[in-house]
Amino acid sequence: MGGAAGKTVAVADVLAGLALAAVGAGFLVASFRIPAASALWHWYDSPRLTPALLSGALLLQAATLLGRGRGRLDPGLRTRIRTGLQKWGAGRVLLALAFCTGFVTLLGRLPFGYLVALVVFGMTLAFRGAGPGRAAVLAAVTAVAVQLVFGRLFFVPLP
Amino acid sequence: MNPLGFFSELVRLATDPLTVGLVLVGAQVGIVFGMLPGLTATMAMSLLTGLTFSLPATQAVAVLLGAYVGAITGGSRSALLLNIPGTPAQAAVCLDGFPLAMQGRAAEAIGLAVTASTLGTLFGVAMLALFAPLLGQVALRFGTWEFFWLAVFGVVIAGSLTAGGDPLKGWIAGTLGLLLSTVGQDGIHAYPRFTLGRVELQGGFALIPVLVGAYGVSEMLTVLRRSERLVVQTRLDRVLPRFREVLRHKGHIVRSGLIGTFIGIVPGVGEDIASWVSYDVARRTSRDPGRFGKGSVEGLIAAETGDNACIGGATIPVLTLGVPGSAPAAVLLAALTIHGLKPGPLLVLQHPETVWQVVALFLLATLAVFVVSLVFVRPMVRILLIPREALMPVVYVLCVVGSYAISARIFDVWVMLGFGILGFALREMGYPVAPLVLGFILGPMADDNLRRGLALMGGDFTPFFTRPISALLVALILLTVLSQSPLGAWVRRRGRPVRPAVLLREG
């Protein structure tokens, strides 16, 4: 793989390799805090065994990724990442995440039906899925249908 | 067991309007539960067990079997149309089903999926009727060592199949899933691992929020990230596939049927592994493996046949041994017990008519699901005409409801969101989500059986490699890993015949 595509893959591999190495190392350290042997278990049935083995495997895989991406990074990396993020749609992702997080944060603080209507209306409008009129109808129908189908028909607990 | 007993039961039940009506109701409820991300076959059956408590045993089982078959079949709808599997069993269906829908062949894909599901269920039911006691005995040869390798095998093949040309990414996702499944109390000593002192984490992450987040929320974020609008025009000329076309894939149907049935029999494994193994075998035996993952009809048929054949398979140990083969089968076992039927070895000997009743009800349920599924194909594919920016907020609300419904905890909704962000990040970097989820599902099975196997032999690893079924599974895992490694590529290059052009030049 050559050129820009190859460098993008290399950047992704290095970033993912670093993140996975951190996760693997974190789990490995935490698993070594579990006693290897006690009055209840030997080393071979210790609760430490599987997570330690899996963390080791993840570290090995992360090292492979890092090795694969090493030496293919160019000096203008920071500028390319910034431009790449803009092209990739980081703004839209952050907006979607804001709606998602806001919805979960408000669960239990506002009546569920109103909250559903508010989020569906806001998201549909923000991402231009429909005009204000249609978005309002969609929000109202979703809120009522969710309450009826889940709450009344299937007896599913709603927040 | 006398086959005449089966036919007389089938005729009696098929001519009873109440039984037929109840099977249809169960099928419809099951399909709706299967379609909605977060609601599962197990949940539908648990709910209906309570609601059908006052009915006579036969009619209650009729509703439950309708819901079981309906939910497993219905789960493919959202997998095909939204790339979000309705139940964990449909993750493999997304691989080729969604690309087919994106090519404007959604109606055809649904028709194929329903046909394959029906054939798969019929295959499993036929195996249930013919070989129930024999297959139950074979499944009992699986010990703790084999269960460990089976879990590893599932993750390895899911990793290889879903990561395109880079299996390392699939295996990384699988390892991450296995590792995340170790959060919470371990299954042997109940020792709390990685809980950070939080009570909510004592039980680990619940499966449904993980599944819904990794597939549903990550799909929503992927769709909303793009600024260009995606609307797919679907051809609606023909839904049911031609008989000739189905016959062309008879090899995959029979193979996947056998695989699904056998995996169903093995206790605790279930529909998800059945569909992945069937898909893997179909790709290996296909004449056009390059199409897999890009809208292969063979891949779709294999995955759907495999997971539905598992239903009949999972019922075999329920009836013959009193041991469930999958989570929904465990609910079926509980329901049969509640209604005074005692599944186990004595049931087949003392009350063969009950086994025939179950087989007959399975057949009715399969036919009911087939009919109900096809009735709503045309309105359903119109979902693809709705702008995704308007559809995704509604999908997100359903994801929240599905995650919360499991144990009415807001914590589970946060877990869903966390796994959604993780799944989105993985997808954007080219990592498949399916091995992550499968690793998470199979993690407890791998962990418990590895340690139990070692404890049984005082820390000796030998049985993991020397028992016949274990050795076979190890060989399959090594074959899969090595065939995808640089060594495998080198061997393939060495084995490839020299091209004529090169020969001419050299000659």
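**Entry 1: area between the chains.** I looked up the area buried between chain A and chain B in this predicted model and found about 5,200 Å², with carbon and sulfur atoms giving 81% of that value. Buried area here is the accessible area (1.4 Å probe) that two parts lose on being put together, summed over both. I noted that residues are numbered from 1 along each chain as written, that chains are lettered from A in the order in which they are written, and that side-chain values use heavy atoms, without hydrogens and water. For the predicted model, local features need pLDDT of at least 70 and side-chain atom pairs count only at pLDDT 80 or more, while totals for chains, interfaces and linings use all residues.

**Entry 2: contact and pairs.** I recorded 60 residues from chain A and 61 residues from chain B in the contact, defined by heavy atoms within 4.5 Å.

**Entry 3: the side of chain A that touches chain B.** I listed the elements that give two or more residues to this side: H1 (3-31), H2 (49-69), H4 (90-106), H5 (112-126) and H6 (132-153) of chain A. Helices are DSSP runs (H or I, at least four residues), and strands are runs of E (at least two). H2(A) supplies the largest share, twelve residues. By residue class, I noted 42 nonpolar, twelve polar and six charged.

**Entry 4: salt bridges elsewhere.** Over all chains, I found eleven salt bridges in the whole structure. One that I examined joins the side chains of B:Arg193 and B:Asp447 at 2.7 Å, N to O. B:Arg193 lies in strand E2 (residues 192-193) and B:Asp447 in helix H20 (residues 434-456) of chain B, 254 residues apart.

Methods
Nonpolar A, V, L, I, M, F, W, Y, C, P; charged D, E, K, R; others polar. Salt bridge = Lys/Arg side-chain N within 4 Å of Asp/Glu carboxyl O.
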